[in-house]
Amino acid sequence: MYKRQALRTAVTDKTPNDIIEQVKAAGLRGRGGAGFPTGVKWSFLPKGVYPRYLLCNCDESEPGTFNNHQIIDRNPHQLVEGVAISAYAIEAHTAFIYARGEFAAAARRLQRAVDDAYAAGFLGKNMFGKGYDLDIVVHRGAGAYICGEETALMESLEGKIGQPRLRPPFPAVAGLYGKPTIINNVESITNVPMIVRKGVEWYRSFGTEKSPGTKAFSLSGHVNRPGNYELPFGTPLRELIYSPDYGAGMRGDREIKIIIPGGASAPWLTAAALDTPLDYESVAAAGSM
């Protein structure tokens, strides 16, 4: 049985603001693409406005991305724990995990993990006897690529056509059902329990000063060993592609022509960028994202 030590610690020993400050200090950045600091995003919620909602964006539709799917396949309980801790931090009592429509088996696996948490008393009313209530809802989309965009995701959750909203107002001010809402990516939220359990110093022992921690890189294309590889931020692109422990080089020893580092909308890189460190700042300096 997954013990959810981090969730117990968060709810019994820490205030919501303690969690926000810990995530800020760890430097956790959003893994959805923009790399915006997660704890700072949480702190944007207007004071005293309730109810609030937490949305976990699992509409992984970008070509070449598949790490969210594997997190759900291999470690759904840690994601559910991260959702619960994040909801506690922002004082939300309802959280949604929005799963891509094609993720049928993954959604069922997530639902079992949520059901297990309720059965063990880790979700629902009066969690750990501390008076905090939380419900988590797993919601399947209908297969629309655009619902990976956070405001289109909210429209879909409300039963409308999945189309982006004009901003402002931003979701933190007026999001789901017009209430303050935080939307985080699966990988971002899955990091939260480890920060609570092992602390800021441990988390910052990986990666770089401005991009701390690790990243699950989805490597595909004409490499010998495609797959997901969790590596510290700052690992050179060349190492990800050519290390025998990771991509093991190009099939047939062919030369690299094009690298797409951040989805179909990201500017392409060439082989000249192979020594670029894989962190937000360095990839941006190389002309992509």
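**Strands, helices and one asparagine**

A: Let's start with strands E2 (residues 94-99) and E4 (residues 132-140), which run parallel and are joined by 6 bridges. Strands pair when DSSP finds at least two bridges between them. Helices (H or I, at least four residues) and strands (E, at least two) are DSSP runs, numbered from the N terminus. This is a predicted model, with residues numbered from 1 along each chain, and local features need pLDDT of at least 70, side-chain atom pairs 80 or more, while totals for chains, interfaces and linings use all residues. Side-chain values use heavy atoms, without hydrogens or water.

Q: OK, and in which sense does E3 pair with E4?

A: Antiparallel: E3 (residues 124-127) and E4 share 2 bridges. Within E4, Tyr132 is the bridge partner of Met127.

Q: What sits in the hairpin of E3 and E4?

A: There are 4 residues between the two strands, and Phe128 takes a positive phi near 55° in that hairpin.

Q: Switching to helices: at what angle do H5 and H8 pack?

A: About 80°, for H5 (residues 76-89) against H8, and their axes are 7 Å apart. That makes H5 roughly perpendicular to H8. The cut-offs are under 35 degrees for roughly parallel, over 145 for roughly antiparallel, 65 to 115 for roughly perpendicular, and oblique for the rest.

Q: Which residues meet there, H5 to H8?

A: From H5 you have Gln78, Leu79, Glu81, Gly82, Val83, Ile85 and Ser86, and from H8 Val186, Ile189, Thr190, Val192, Pro193, Met194 and Val196. Contact means heavy atoms within 4.5 Å. By class, this contact of H5 with H8 has 9 nonpolar, 4 polar and 1 charged residues. Nonpolar covers Ala, Val, Leu, Ile, Met, Phe, Trp, Tyr, Cys and Pro, charged is Asp, Glu, Lys and Arg, and the others, Gly among them, are polar.

Q: And H4 with H8, what's the angle?

A: H4 (residues 67-74) and H8 (residues 186-198) pack at about 45°, with axes 9 Å apart. The two helices are therefore oblique to each other. H4 brings Asn67, Asn68 and Ile71 to this contact, and H8 brings Val186, Glu187 and Thr190. That set divides into 2 nonpolar, 3 polar and 1 charged.

Q: How far apart are Asn228 and Ile195?

A: Asn228 and Ile195 are 33 residues apart in sequence and 22 Å apart in space, C-alpha to C-alpha.

Terms used
Axes fitted to C-alpha atoms, helices over the stretch in contact; angles between N-to-C directions.
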